[in-house]
Amino acid sequence: MHPFRWLTILILTLALAACSGDAPKNAEVVIPQGASIAKAGQILEDAGLVSASSFRNEARFFASDDPIKPGEYKIEKGMDAGDILKLFQSGRTIQRLVMIPEGMPSIMVWDRLMAERRLTGEIPVPPEGSILPDSYAFTTGETRAAVVKRMQAAMDKAFNELWAKRTPRTAAKDRNEAITLASIVEKETGVPAERRTVAGVYTNRLAVGMKLQADPTIIYPLTKGKPLGRRILRSEIQAVNDYNTYSMIGLPKGPIANPGKASIAAVLDPAPTDYLFFVAKGDGGHIFARTLSEHNANVQNWYQLRRDRGEME
């Protein structure tokens, strides 16, 4: 190599070493979509990490041709411009999580996403039952619409896989019916071992033309799935609408929440049981019955337990 070229490289190396320095602190920075090397350098300089010029020079003379990737990055104390550039090119962004629990209605999914200040953009309330409950990673500056799209894609994938495994016992004729019934099962029991049995009860009721009489279907048209915060009124039990299964035979017109995979699987493969009734038994679970007389006795036991607890007169 020509001696002059060696000298040029040496001078550049010494210049970079002199002006770059190491990051003096831990910090988090956000590189927006489409940001140039110059823009990224200015973000680093504004954050008091390394100079914009040293970052540009590192990219110009020593870096690979890989592009920098958008997202939120953790810069650690002692990293130099080259280390930071490699980090940006690697795409190893900080992963933040938003958790959607099983049975959360879409209005509360919307509330949760809108309350996350690291996300951007406006979104409508997602269609009920379109979101798969799970924990979803996101990066600061990402749009809420992009997160919702991932949540809905996850539901599409999960449902298609479960639908392919459905058994002849299921009462669901299509996706809407399956998600709707699964959302009721999700709201009626929090005990995993009960899901298929509860699904079996509702499947049996649908088969013989009995009303489902699921309390959460009374509440949904009142609050869109948010907690009611009080006892259900008799007038609300008797209300006629597209959701109240105390005043209608069959399924509501659509889901009342976003069910998880276990509840969807339960309605697509319900327990082969002859139960037609169930009532709470005071420990979070339910007691099941085949006949109305058995059920009425179980209900009286439940009422007595509540009276003993001081929950009713």
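The notes below cover a strand hairpin and a set of salt bridges. Please keep in mind that this is a predicted model.

**The hairpin**
- Strand S5 (residues 277–280) pairs with strand S6 (residues 286–289) in the antiparallel sense, over four bridges.
- Within this pairing, Val279 stands opposite Ile287 in S6.
- Five residues sit between the two strands of the hairpin, where Gly282 takes a positive phi near 100°.

**Salt bridges between separate parts of the chain**
- Side chains of opposite charge can pair when their charged atoms come close.
- The count comes to 15 salt bridges.
- One of them joins Asp111 and Lys226, whose closest N and O atoms are 3.1 Å apart. Asp111 belongs to helix H5 (residues 106–115) and Lys226 to the loop between helix H9 (215–223) and helix H10 (234–237), so this pair ties together parts that are 115 residues apart in sequence.
- Asp111 is partly exposed at 28% relative accessibility, and Lys226 is partly exposed at 32%.
- Arg175 and Asp156 also meet in a salt bridge, at 3.0 Å from N to O. This pair links helix H7 (residues 175–188), which holds Arg175, to helix H6 (residues 144–163), which holds Asp156; the two residues are 19 residues apart.

**A pair within one helix**
- Glu161 forms a salt bridge with Lys157, with 2.8 Å between the closest N and O atoms.
- Both lie in helix H6, four residues apart, so about one helical turn separates them.
- Glu161 is partly exposed at 43%, whereas Lys157 counts as exposed at 53%.

**A network**
- Salt bridges link Glu28, Glu72 and Arg96 in a network.

Conventions:
Residues numbered from 1 in each chain as written. Predicted model: local features only at pLDDT ≥ 70, side-chain atom pairs only at ≥ 80, totals over all residues. Heavy atoms only, no water. Pairing = 2+ DSSP bridges. Salt bridge = Lys/Arg side-chain N within 4 Å of Asp/Glu carboxyl O. Buried < 20%, exposed > 50% of the residue type's maximum accessible area, 1.4 Å probe, protein only.
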